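Let's work through a few exercises together. Have the model open beside you as you go.

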Amino acid sequence: MTVRADPQMLLQLQDIRTYFPTQDGIVKAVDGVSLSIRHGETLGVVGESGCGKSITALSIMRLIERPGRVVSGSIRLGDRDLLTLSDDEMRDVRGKTIAMIFQEPMTSLNPVFTCGSQIAEAVALHEGVSGRQAAARAVEMLAQVGIPDPKRRADEYPHQLSGGMRQRVMIAMALSANPELLIADEPTTALDVTIQAQILELMKALRERNRMAIMLITHDLGVIAEMADDVVVMYAGKVVETSDVITVFEQPHHPYSKGLLASIPRLGQKRHRLEVIKGVVPNPLNLPTGCLFKRRCPYAMPVCDTPPPFQQVSSGHVSRCWLTPEGGPPAVGEAPSREVAEEAAAALSVAQ
Amino acid sequence: MARYIARRLIQAIPIIIGISIISFLIVYLSPGDPFDRFRSNKVSPEVIENLRRVYGLDQPLPVQFVKWFTAFWSFPWNPTAWGYSITDGLPVRDKIFERIPSTLQLMGVSLFFTVVIAIPIGILGAVRQYSWSDKIIMIVATIGYALPTFWLGIILKQIFAAQLDIFPLFGKYSFGKEGDVLDLAWHLALPVATLTVVGVAGWSRYMRASMLEVLRADYIRTARAKGLASSRVIFKHALRNALIPIVTLLGLTVPALLTGAAITEAVFTWPGLGGLGVSSVVDRDYPVVLAFVMMGGSMVIIGNLLADVLYAVVDPRIKY
Amino acid sequence: MEGAQSRPIPVLSESGVDEVDLTPVRTYWQLVRQRFVRHRLAVIAFFLLSFLVIASIAIPFLTGNAWAKTDLTLINKPPSLIAPFGYDHLGTNTFARLMKGLQTSLFIGLSAVTVIVVIGITVGSIAGFFGGWVDNALMRFVDIVLSIPTFFLIVMLVAFWGTGNVWVIIIAIGLTGWTTAARLVRAEFLSLREADFVQAARALGASDRRIVVRHMIPSALAPVVVAATLGIADSVVVEASLSFLGFGINPPEASLGNMLTGAQDFFYRNPLLAWYPGVTLVLVVLAASFLGDGLRDALDPRQRVEV
């Protein structure tokens, strides 16, 4: 099944599978993930630790280290499939068209080079300017990301900056070539809450200014609520639900999404116990057959032993679950066939 | 930084005193004395007593120690600061200084080649981890590291000097060719090769380990995500960090430049400090032995300090 | 498995909360052995070393004083059935002498390591346990010993107190080599005093010193065992160097080192003479090194350094 390249789409992932062979078996970190991002859109990717969201991002950037591999699927950027590019061509994409920032600003910057020089390196690489111009631009970028006294900071080393400032430096570095897509992998998780707010504000401002798409990976639903236009929920290497942010928060369909939202304690609510999703994430080397969530699902039914298809719950809202769009069990004999499911997935990419 | 160095030097003083006391005790409390070989029926006891008095050996130990220790440090300007050798009466300081250049040549050249060869090998092994080249490097390095230097020296001598006659068997210069640089190089070849083989085996492992650890770091992932070419990531971002422990290791190797070659020098009859040290022990030439120990100990202290200073120079995160 | 109590415990699993029997299937030592066996090289090294030790005991025992017998009619004769390595420059059966030399070298190496371990554990545990000025003083002492060029110090000790005396050699190597072991033990004790799992054990009601010791000792012993194994390689080489220079074991006694001295004069007539003791020495060093590496991974997997 192929999907036509859609000019409105900046990035289209189609059935990406990234596997890691280990001594104890093959870990299917990403197992059939499809998603798409429009120009200027912010897509939130949500899921627990280990669900494959970071690996998906690294797969897009083709930064998966041996022995892991993207074994199948396609990543369409414009009219090119990133997986078919040569190493040099891919390098050209990295940093220039797609930039990525990571979770730990403390260890993500090289400790022996000054902040300014690290940004200037990116500038010189992508814009082909001289050393001096690149250094000046680096100072500009530092100012743009809201670092006070940028000239002095540019000559300082990462360990001399606070966590929040380091993340700003990372953002400055990523944005230096004006990429069309910024992949942010848990950018605020390692930061204090107040700094978190500042960084998110910064990202919003930059997004406005540069008309930049963002793929925001996080397990923090609050961040999603604040930043995302659309949301992809992942579980155990697969996408389980996709929709716009309002729908996901107000009318989640997949039991996992429901569980995630229910577990957020709300102000003003009086409870004795917190809601939890019972059980733990399945061992990637020992995945259950059928629906991967069935052992933790309060709605589990016998049909869940077969892998559930994507169902269109409403316009632009799909969910990988046997439950009907209304939330009830499927009538016997009416389980959607494979073709119907595929059509629904196709409809997903177009309808958005 | 200057204050740090000063502080370390002051801290070193008790250690130096400790070294001197221990070596003094080992030397003077041991059975026998340097004049045993002179003792025979033909030599009257007064002559021996005279000798002992000349060398100050008749004085109580603490007095001897203080006299020796205080005189020791005047060596930069005083040729008799370290006393006179019992074997030939020459000033100890001159005897030792005379031999220093030979040992420095041997160790210095070996260290140079070791580092120049080991670093690229280590980088290669790390960058191509798990590949065939890496596995071969690791195996060869492990075996090389296990080779005792003196046996390797003997074997090299046997193959290249004795059997194939490509290199000379011993010494530093051929007769009548003293000062000839080419001749020196020819004589240096085998001993340097011996030390270099074992040295490369060790250093390449360190380099590889350091490089591996650096390549796993987050900032390397960032560098790649920026779109940098692989060579740039490795040789600029990774190497600069991986060299930090190597540089400090160089500082720690400094003492070995003077003290490390005793056995190799013995195998190749190289006229360096090692030979002097060993023969002075055999002859119980106490002044020479003591001077050796003090020199060696001081070098170790300086080497440690150098390693720490270099660390601060190379790693911007370190501030004293 | 011996003595472990069997009791189901509530545990979080995929389907919710289960009652599961978490009795350890393997004890600590079984786990250690399991991890060790995974290193094929270390296992090979273990068998090689054992084989060498056994051979060095058995062969001299079986051949009596063949290693000392000189027979001028047999000088440099080629190998035969009873002399698989031929005869040396004095007409002695090379193989027999080699095994006797191996025995001497191994004996010295293992004994020296014992001295190292004993002194090292003693000094290290006192320093680590008491801390404070005791620790400070002891560590200054370690610094002093470390600052003196080690090999030269050994040469001094042996030459002044007894060249060729096996016990002097053992003590000399031991007295100069204990510093690493002491530091390791001290480090372990210092950190273990505050370690989380020690406090956890106490919180669980194990104010019983025995349990704490049962946890602390394996942790502290592990690096020492590794250092000791690697120390065997070192000590054997030091002894060989000493003998080579003439300070260690001297002829007619046999040691791998002095066999090499003798072989030097006969590069032309009997070149292999230099290879037998050398290769044997290298085998011992390699075996001890790989064994040490394997033990390090088996006893303390978190210490894994990929060298």
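**Exercise 1: confidence**

In chain B of this predicted model, confidence is lowest in helix H2 (residues 45-54) of chain B, with a mean of 78, and highest in H8(B), at 93. Here pLDDT is the predictor's confidence in each residue, from 0 to 100, and helices (H or I, at least four residues) and strands (E, at least two) are DSSP runs numbered from the N terminus. Residues are numbered from 1 along each chain as its sequence is written, and chains are lettered from A and ligands numbered from 1 in the order in which they are written. Local features need pLDDT of at least 70, side-chain atom pairs count only at pLDDT 80 or more, and totals for chains, interfaces and linings use all residues.

Task: find what pLDDT chain B averages.

Solution: chain B averages 86, and 98% of the residues score at least 70.

**Exercise 2: the side facing chain A**

Task: find which helix of chain B gives the most to the side that touches chain A.

Solution:
1. Contact means C-beta atoms, placed from the backbone, within 7 Å; 17 residues of chain B contact 22 residues of chain A.
2. H8 (218-225) and H9 (230-259) of chain B each supply at least two residues of that side.
3. H8(B) gives the most, with 6 residues.

**Exercise 3: the fold of chain A**

Task: count the helices and strands of chain A, then give its span.

Solution:
1. Chain A has 12 helices and 12 strands.
2. Its C-alpha trace spans about 70 × 50 × 45 Å along the principal axes.

Terms used. Contact = placed C-beta atoms within 7 Å.
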